[in-house]
Amino acid sequence: MDKNTEEMFVKKFIDKNKRNRVIYELFNIEKRGDSIRKIPSILSHNFKEASFKSDEDIYKYLLIGKVMSPIYVISDDEKIDGQFVHPEKALNHTLFGGGTYILLFNHAIFIKEEIGYGSPKYIIFVDK
């Protein structure tokens, strides 16, 4: 895991009152998975949410200009968590995998939250 990237994410996107606790839990191997699953419910509301009708629209928006540099992934899926991954690979893994995923793009943050049964919830945050 990249401590600096995760700390920057927390400082920018997590509600101010929860930041210290989230940082502590993200860096505690026993608490990390639970902490990641809580993140979608404690996000700051200082950013604009973008909504899309299909996976294809999500791809088009997030892969603007075929972003080639790796993006950082925070996830309760240990196979991809804490890694810099090619954007298309990360997005494919996220859309078709189960669990909570946070993809840190330069122009947006993509969050997939899948809790229990039913359709997953997708959130894309962009600067206002």
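Which residues point one way from strand E4 and which the other way? Tyr101 and Leu103 point one way from E4, Ile102 and Leu104 point the other way, and all are buried (under 20% relative accessible area, with exposed meaning over 50% and partly exposed in between, for a 1.4 Å probe and protein chains only). The model is predicted: local features need pLDDT of at least 70, side-chain atom pairs count only at pLDDT 80 or more, and totals for chains, interfaces and linings use all residues. Residues are numbered from 1 along each chain as its sequence is written, and side-chain values use heavy atoms, with hydrogens and water left out.

**Overall architecture**

- In sequence order, the elements of the protein chain form the pattern α-α-α-β-α-β-β-α-β-β-β.
- The radius of gyration of the protein chain is 14 Å, which agrees with the value near 14 Å that a compact globule of 128 residues would have; the radius is taken over C-alpha atoms, and the globule rule is 2.2 Å times the number of residues to the power 0.38.
- The C-alpha trace of the protein chain spans about 35 × 30 × 30 Å along its principal axes.

**Burial, contacts and surface**

- Of the 128 residues in the protein chain, 46% are buried.
- Among contacts in the protein chain with a separation of 6 or more, 53% involve residues 24 or more positions apart; a contact means heavy atoms within 4.5 Å.
- The protein chain has an accessible surface of about 7600 Å², and carbon and sulfur atoms hold 49% of that surface; areas come from the Shrake-Rupley method with a 1.4 Å probe, and for residues only the protein chains shown count as cover.
- There are 20 positive and 19 negative side chains in the protein chain, and the centres of the two sets are 5 Å apart. Lys and Arg count as positive and Asp and Glu as negative, while His and the chain ends are not counted; each charge is placed at NZ of Lys, CZ of Arg, CG of Asp or CD of Glu.

- Strand E2 (residues 71-75) is largely enclosed by the rest of the structure, because 5 of its 5 residues are buried.
- Ile71, Val73 and Ser75 point one way from E2, whereas Tyr72 and Ile74 point the other way.
- E2 pairs with strand E3 (residues 83-85) in the antiparallel sense over 3 bridges; two strands pair if DSSP finds at least two bridges between them.
- Within this pairing, Ile71 stands opposite Val85 in E3.
- E2 also runs antiparallel to strand E4 (residues 101-104), to which 4 bridges join it, and Val73 stands opposite Leu103 in E4.

**The E4 and E5 hairpin**

- E4 pairs with strand E5 (residues 109-113) in the antiparallel sense over 4 bridges.
- A hairpin of 4 residues joins E4 to E5, and Ile111 in E5 is the bridge partner of Ile102.

**Two individual residues**

- Asp81 lies in the loop between E2 and E3 and is buried, with a relative accessible area of 17%.
- Leaving aside residues up to four places away in sequence, Asp81 touches Arg32, Ile36, Val73, Ile74 and Ser75.
- Asn20 belongs to helix H2 (residues 19-26) and counts as exposed at 67% relative accessibility.
- Asn20 and Val10 are 10 residues apart in sequence, and their C-alpha atoms are 8.8 Å apart in space.

Conventions
Helix = DSSP H or I, 4+ residues; strand = E, 2+ residues; numbered from the N terminus.
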